[in-house]
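Subject: Structure for you to look at

Hello,

Here is the structure I promised to pass on. Please open it first and keep it beside you while you read the notes below.

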Amino acid sequence: MTSTHIDAAAVTELHTGFAGDVIQPGDPGYDEARTLFNAMIDRRPALIAQCANDDDVVRAVRTGRDLGLEIAVRGGGHGVAGTALSEGGLVVDLRRMDAITIDPEAGTARVGGGATMGLMDRATEPYGMIVMGGRVSTTGVGGFTLGGGSGWLERKYGLACDHLLEVEVVTAAGEKIRASADENPDLFWALHGGGGNFGVATSFTFRLHELATVTLAFLLWPPEAGAEIALAYRDCMANAPDDLGGAALYLTPPPEEFVPEEMVGKLAFATLLIYAGTGEDADAALAPMMELGHTGGVVLEMPYADMQCMFDDPPGLRNYWSAEYLHGVPDEAIAAFAARASEMVVPSPSLHTLLPGGGAMADAGADYPIPWRKAPWVAHPLALWEDEADDERAIAWVHNVRAAVKPWSTGAVYLNFIGDEGRTRVKAGLGADNYRRLADVKSRYDPGNLFHLNQNIRPN
């Protein structure tokens, strides 16, 4: 559907009393407003409703529904799959709704649905507290949390959604409701991993945790040492305290002081270790990897919020991501993983990543629709590249990584880590029994599947 089908009177009515801005094709700022993090996505919405408050969201949802427009919801972050835009539809853009309120006495943070992780980290930093975050500062808090919320310190704190106290939601009927353990508990359960299927989440209230400083070790080796060092990393994490998180990965190192000149711009292997705290316990946790004779790298004690900015993905590149959650990484799995590293686009910001699970993430007792949280490892290839001519190569690499580790796959997957891989993959990400229950919740809150631009759960 295009803008020529939109009733002018209805658009005028949307504008009237709208606290934010309503943008259409041809308006100043339209192209900027429709630009996504992933340069592969190029869509032209008929209306972009840049909402300033909950009432704006209500008006936008009702307008889109009444006009029969496809509705997309845009939070503050990446939207790699492109579901934050609708061709010829209406975008409910939450990025102006990024206010954050900290209650240090209650130990809570109320976060607007359009906030990024970086804004949240900086808001909690003066209090020496954190909300369990992701892996970069540019992630949107909303989509991240609704999908579960996997991050560097999940072994210590669990997933972001584990610390949700309440969520404010605008439903498909254009009503404002609250979801918590005591109020609309079925919806509250569904918002722990079920994504944006049930409405527009306009704010989140989180439980905070005390943490000011972390210890980080980023260690580099030549790529030919990758398989051997990855085995050592696997064994290190098997005995590591839950305070330690990180990754083993192949990447293209940038020109930094801690990167030897001969490694800049070429394929390399690295281990990243992030410890929730400092001192002797941190040193002991890092020691097994520090003793392996790395070629380059750096060890730092730094504020948590600064650490979260260190690995930000650059915007404006072409992106294709996927993942396989693994029940283990025996020697054969490590070898299969390492063998695919040479297929990456190099140089590029692409990452060939192996992430450890376990700890609080796996031990959480809550019965949320997140079957992947029990997996001890995940292979997560992230292709990021600039030249359209590399599209086929980059996408093939991601598929080949998945195929290489498939023999060890649990079948479950964190849906925030992947793009549009079909309904079967969505069901695998949520679990068959969970999917049926989620479909019942969907039927209650969005029976017409108005919010379908997501990892979609169809109503019963």
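Threonine 353 is in contact (heavy atoms within 4.5 Å) with Ala247, Ala248, Leu249, Phe337, Val378, Ala379, His380 and Leu382, leaving aside its neighbours within four places in sequence. Threonine 353 sits in strand 18, residues 351-356; helices (H or I, at least four residues) and strands (E, at least two) are DSSP runs, numbered from the N terminus. Its relative accessibility is 6%, so threonine 353 counts as buried (under 20% relative accessible area; exposed is over 50%, partly exposed in between, with a 1.4 Å probe and protein chains only).

Two notes on the source: this is a predicted model, in which local features need pLDDT of at least 70 and side-chain atom pairs count only at pLDDT 80 or more, while totals for chains, interfaces and linings use all residues. Residues are numbered from 1 along each chain as its sequence is written, and side-chain values use heavy atoms, with hydrogens and water left out.

Serine 86 belongs to the loop between strand 3 (71-74) and strand 4 (90-93). Serine 86 is buried because its relative accessibility is 1%. Not counting residues up to four places away in sequence, serine 86 touches Arg44, Pro45, Glu70, Ala72, Val91 and Leu453.

Proline 371 is in the loop between helix 12 (360-363) and strand 19 (377-385). With 31% relative accessibility, proline 371 counts as partly exposed. Beyond four places in sequence, its contacts are Ala412, Ala428, Gly429, Leu430, Gly431 and Asn434. Proline 371 and alanine 428 are 57 residues apart in sequence, yet 8.6 Å apart in space, C-alpha to C-alpha.

Next, the salt bridges (a side-chain nitrogen of Lys or Arg within 4 Å of a carboxyl oxygen of Asp or Glu). The count comes to 29. In one of them, the side chains of aspartate 21 and arginine 96 meet at 2.6 Å, N to O. This pair links distant parts of the chain, 75 residues apart: aspartate 21 is in strand 1 (residues 21-23), and arginine 96 is in the loop between strand 4 and strand 5 (100-103). Aspartate 21 is partly exposed at 36% relative accessibility, and arginine 96 is partly exposed at 43%.

Which residue forms a salt bridge with aspartate 446? The partner is lysine 442, with the closest N and O atoms 2.8 Å apart. Aspartate 446 is buried, with a relative accessible area of 1%, and lysine 442 is buried at 0%.

Regards
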